[in-house]
Amino acid sequence: MELLIDRQEDHDQPEEITSTTLERLTVSDRRSFLKSTGLTALGAALGMAVPFEKHFPKGLVPAAFAQDTGADLMSEKDGLTVHNDRPLNAETPAHLLDDDITPYSRLFVRANGLVPQTALDKDASGWMLTIDGEVENELSLTIDDLKNDFEQVTLALVLECGGNGRAFFQPGASGNQWTVGAVGCPQWTGVRLRDVLEKAGVKSSAVYTGHYGNDVDISGDPDKVVISRGVSIEKAMEPEALIAWAMNGEDIPALHGFPVRLVIPGYPGSVSQKYLTRIWIRDKEHDGPKMGGYSYRMPKYPVAPGTEVPEEDMEILTEMPVKSIITAPTTGAQVASGEAVEVRGHAWAGNGDVKAMHISLDFGQTWQEATLEPAPNKYAWQRWRAEVTPPEQGYYEVWARATDMNDVSQPAVTPGWNPRGYGNNMIHRIALFAS
Ligand SMILES: Nc1nc2c(c(=O)[nH]1)N[C@H]1C(S)=C(S)[C@@H](COP(=O)(O)O)O[C@H]1N2
Ligand SMILES: [Mo]
């Protein structure tokens, strides 16, 4: 900001162009450029002479302002499958999700827009989180305020994209073709959203939250909100809903929401706003971008695959269904017939703990109970293990099925088809070749 003011002050005496000048260009320069119009805009925004300015096509964003998608940071990831690089979307193969606590290198990335410059720069100076709307006292909190004024908590919480499993719906739905790996369970440190809302004093008129971050839309339009979702006040008040500043004991990485994000477990990942700058307490269901239409919404009644469902018959997807993955062995593993093989993975449910875990080696004819460890806290995934012994040489599949506390189990085939392909919790299968 300081540098921007400097440049604006002496833009009639352009400074010498050096590579550091270009490095100083920030998102605010980009915003001021995009907001300004007219021929002098380019030079003014750059703070230096542009000798060929008259040939610069109107409406084009200078390459010096090109916003980083965060794609370079993918070198810090380990074996993820990239579905899209603008915005950046990548999932983790199941066998790389074996850790109880998902490390940064193996956590899926779901960006609807571009990674904000503040996150890329790891610049949290001046960061403010505003709580406004239906509250008694509007709050503006710095990260230090969050750290000092509220009790700190650390919890392992599953983050799963609402569209995880979309690739298996028939007919297919548009959007990232996630298979099973748009999910992870890192450990988050922060404060309870509830404690912050209680400090602000939620009015009786409050019914919903509305979340905002500072990421930039893919179009480059600085005024366009990328995504702004929310949850009911009841959900926001759950003790596991966090405003977090650390993941696995370190600053939240740029790809995952630096410096502060929400983690509201149990619901689709989209409610867990990254780069969190504002929570607007609403007196009605929030209506920000990606709350309405077909976004994160399901038909209110079962529909045949491919049905055109009227918009008014869609409702918000809240609790994610019970689910599990097989993290070992890797699909396609070679094993020895007559010998026991350990099979293991994780299970989780949007409504809390998982009750039971079963596996099958005969395409679902018989099921064997797996051991299931308790969750370290609500909304963490649970480790399960079992042993299978392929009786003779040949091709086998391990099928894994979790059951939640309401006795609801994962289906063997895709569940409730829906226009955007959300909530697919069909059982996970791996191939085994026994020799
Ligand atoms: N600001 C912001 N928050 C966001 C998103 C986003 O695009 N921008 N994507 C949401 C979606 S759809 C998901 S699934 C999760 C993904 O979190 P991750 O990228 O840290 O894995 O973040 C959510 N929060
Ligand atoms: Mo998502």
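Biologist: What makes Arg282 count as lying over the face of Trp280?

Modeller: Arg282 is 3.6 Å from the ring centre of Trp280. The limit is 6 Å, so the distance passes. Keep in mind that this is a predicted model.

Biologist: Which other ring has a charged end over it?

Modeller: Trp367 does, with the charged end of Arg401 at 4.2 Å from the ring centre.

Biologist: How many aromatic pairs does a search of the whole structure find?

Modeller: Six. One of them is Tyr212 with Trp280, 6.5 Å centre to centre and with 40 degrees between the planes.

Biologist: Why is the pair of Tyr212 and Trp280 called tilted?

Modeller: Stacked needs under 30 degrees, and edge-to-face needs over 60. The angle here is 40 degrees, so the pair is tilted. The centres are 6.5 Å apart, and pairs count within 6.5 Å, so the two rings do pair.

Biologist: Where in the chain do Tyr212 and Trp280 lie?

Modeller: Tyr212 is in strand E10 (residues 208–213), and Trp280 is in strand E14 (residues 276–282). They are 68 residues apart, and the pair links distant parts of the chain.

Biologist: Buried or exposed: how do you class Tyr212?

Modeller: Its relative accessible area is 14%. Buried means under 20%, so Tyr212 is buried. Trp280 has 26%, which lies between 20% and 50%, so Trp280 is partly exposed.

Biologist: What kind of aromatic pair do Trp348 and Trp381 form?

Modeller: A tilted one, at 5.6 Å centre to centre and 50 degrees between the planes. Trp348 lies in strand E19 (residues 341–348), and Trp381 lies in the loop between strand E22 (371–372) and strand E23 (382–388), so the pair ties together parts 33 residues apart in sequence.

Biologist: How do you class Trp348, buried or exposed?

Modeller: Trp348 has 5% relative accessibility, under the 20% limit, so it counts as buried. Trp381 has 4%, so it counts as buried as well.

Biologist: How do you know that Arg106 and Asp78 form a salt bridge?

Modeller: Their N to O distance is 2.8 Å. The cut-off is 4 Å, so the pair qualifies. By this rule the count comes to 20 salt bridges.

Biologist: What does the salt bridge of Arg106 and Asp78 tie together?

Modeller: The two side chains meet at 2.8 Å, N to O. Arg106 lies in the loop between E2 and E3, and Asp78 lies in the loop between helix H4 (41–46) and E1, so parts 28 residues apart in sequence are tied together. Asp78 is partly exposed, with a relative accessible area of 30%.

Biologist: What makes Asp132 and Arg278 a salt bridge?

Modeller: Their N to O distance is 3.1 Å, within 4 Å, so they qualify. Asp132 is in strand E4 (residues 129–133) and Arg278 is in strand E14, so the pair ties together parts 146 residues apart in sequence. Asp132 is buried at 12%, whereas Arg278 is partly exposed at 25%.

Biologist: How do you class the two partners Glu238 and Lys235?

Modeller: Lys235 has 3%, under 20%, so it is buried.

Biologist: Which residues are linked in a network of salt bridges?

Modeller: Asp98, Asp100, Glu342, Arg344, Glu373, Arg383 and Arg385.

Biologist: What is the strand order in the open sheet of three strands?

Modeller: E1-E2-E3, with antiparallel pairing. Strand E1 (81–85) and strand E3 (109–110) are at the edges with a single partner each, so one side of each has no neighbour in the sheet.

Biologist: How do you know that E1 and E2 pair?

Modeller: Pairing needs at least two bridges. E1 and strand E2 (residues 88–91) have four, so they pair. Thr81 has Glu91 in E2 as its bridge partner.

Technical notes
Residues numbered from 1 in each chain as written. Chains lettered and ligands numbered in written order. Predicted model: local features only at pLDDT ≥ 70, side-chain atom pairs only at ≥ 80, totals over all residues. Heavy atoms only, no water. Helix = DSSP H or I, 4+ residues; strand = E, 2+ residues; numbered from the N terminus. Buried < 20%, exposed > 50% of the residue type's maximum accessible area, 1.4 Å probe, protein only. Lys NZ or Arg CZ within 6 Å of the ring centre and 35° of its normal.
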